[in-house]
Amino acid sequence: MQPRDLSALTPYEAGRGIEEVAREVGIDPDDLVKLSSNENPHGPSPAAVEAMREHADGVHHYPKAAHADLQDALAERWDLAPEQVWLANGGDGALDYLARAMLDPDDPVLVPDPGFAYYAMSVRYHHGRVNTYPLHKEEDFEQRPEHVLDAYDGERVVYLISPHSPTGREIPREAILEIADGVDDETVVLVDEAYGAFSEAPSKVDLVRERDDVAVLRTFSKSHGLAGVRLGYLLAPESWADAYARINTPFAVNELALRAGLAALEDDDHVEHSVESATWAREFIHDNLATRTWPSQGNFVLAEVGDAEAVFEAAKERGVIVRDASSFGLPGCIRITCGTRAETTRAVEVLNEVLAMRDPHGATGGAPPDAAGGGFGMDGPRPPTDGPDDVGDE
Ligand SMILES: Cc1ncc(COP(=O)(O)O)c(C=O)c1O
């Protein structure tokens, strides 16, 4: 007995867990700096932790009231109707719901390359087909409407990421509009704002209010520090929002995640602190890493390092875990998550040491940042104390 033919499906390559790596390199987990999964280095909102504790003894009931309450709270926040909020088991779950709602077998979708691996995975699980549009390093990974529209061939869903992972680049509102206007009426444009809270640009949720062909994805995993509870949502246009009731898993989100989400949503201080900290860290990495980096609007920075696997391994041996960006389709690059001030400073030190050892005279390392040439973020080192005062070294 075997499952159906799964050969076209690939397992998701998650960033390695802290315990796993600590055991492998023989380091105390507390001494490891894990900057590989774009998690929130300041932990979850304390209010969310408290809410989960408070409701833990009620989990013998199915979650019903809290689901409606969180839909209502998010609807109010985004000025939409509650049924337009498709709560799910993480943003990944919301991507699954979109695929379930949109795709007939063999329907094609259009995803960015490089981009987030789960789009294609989710679509294939739902018997769809995956086409790609390119983002070019020479254009600093701009998601240009012409690249999307040149590749477009009647696909059912077009996936855009803003800020894009792993590059950190925003897609402007006008570009989204050009794409949405340039595709067929029956194509939905998904704007993935998993990292939206970290961006200086406003959410594109206004397009969900105004049009029937743009949906927005958000998650509590990053800015709210709730990656472990798995809570995300799609904001769907009013005209097809009722599809959620037909396609969602009964009790789509667990009780504790819902309670955590409700509390975290009220905890503006935690989100503000997280965003301020990430803003400092991304600038610090960009300014001080002795190799080419790209300006980022997310809680991470993409860096060109040559042999990414070797750099990843050498940094890991020194207790710093970053992400080899090959899994995103970007060989030669690593993605560094914004940590606390102490974590970020240490990561930059370690990576600079590794780069200098590997390439003492080359363009990707060794030379002082302002002499390395050819890249961005070469404004010379900045003292690590340059962050906002309330972004502590916790
Ligand atoms: C671009 C992007 N979209 C969506 C997600 C899904 O996040 P989650 O399922 O944790 O909400 C991620 C996770 O890293 C991501 O990077």
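The structure is a predicted model, in which local features need pLDDT of at least 70 and side-chain atom pairs count only at pLDDT 80 or more, whereas totals for chains, interfaces and linings use all residues. Residues are numbered from 1 along each chain as its sequence is written. For 394 residues, a compact globule would have a radius of gyration near 21 Å, and the 21 Å of the chain agrees with this; the radius is taken over C-alpha atoms, and the globule rule is 2.2 Å times the number of residues to the power 0.38. The C-alpha trace spans about 60 × 55 × 50 Å along its principal axes. Of the contacts (C-beta atoms, placed from the backbone, within 7 Å) between residues at least 6 apart in sequence, 71% join residues at least 24 apart.

The secondary structure comes to 14 helices and twelve strands, where helices (H or I, at least four residues) and strands (E, at least two) are DSSP runs numbered from the N terminus. Seven strands form an open sheet with mixed pairing, in the order S2-S8-S7-S6-S5-S3-S4, two strands being regarded as paired if DSSP finds at least two bridges between them. The edges are strand S2 (85-88) and strand S4 (129-134), each of which pairs on one side only, and the twist from one strand to the next averages 25 degrees. Within this sheet, strand S5 (residues 157-161) and strand S6 (residues 188-192) run parallel and are joined by five bridges, with Tyr159 standing opposite Leu190 in S6. Helix H7 (residues 173-182) packs on the sheet, where it touches S5, S6 and strand S7 (214-219), and its direction makes about 155 degrees with that of S6; axes are lines fitted to C-alpha atoms, for helices over the stretch in contact, and angles run from 0 to 180 degrees between N-to-C directions.

Strand S12 (residues 333-337) is largely enclosed by the rest of the structure, because five of its five residues are buried. Both of its faces are covered, with Cys333, Arg335 and Thr337 buried on one side and Ile334 and Ile336 buried on the other. Strand S9 (residues 300-304) pairs with S12 in the antiparallel sense over five bridges, and Val301 has Ile336 as its bridge partner in S12. Strand S11 (residues 323-324) also runs antiparallel to S12, to which it is joined by two bridges, Asp324 having Ile334 as its bridge partner.

Arg335, placed in strand S12, is buried, with 27 other C-beta atoms within 10 Å. When residues up to four places away in sequence are not counted, Arg335 touches Pro166, Phe300, Leu302, Val322, Arg323 and Ala325. The C-alpha atom of Arg335 is separated by 9.0 Å from that of Asn38, although these residues are 297 residues apart along the chain.

The ligand is surrounded by 13 residues, the closest being Gly90, Gly91, Ala194, Thr219 and Ser221; a residue is near a molecule or strand if its C-beta atom, placed from the backbone, lies within 6 Å of it. Helix H4 (residues 90-102) contributes the largest share of this shell, namely three residues. By class, the shell holds four nonpolar, seven polar and two charged residues, with Ala, Val, Leu, Ile, Met, Phe, Trp, Tyr, Cys and Pro counted as nonpolar, Asp, Glu, Lys and Arg as charged, and the others, Gly among them, as polar.

Methods. Two residues are in contact if their C-beta atoms, placed from the backbone, lie within 7 Å. A residue is buried if 20 or more other C-beta atoms lie within 10 Å of its own, exposed if 12 or fewer, and partly exposed in between; C-beta atoms are placed from the backbone.
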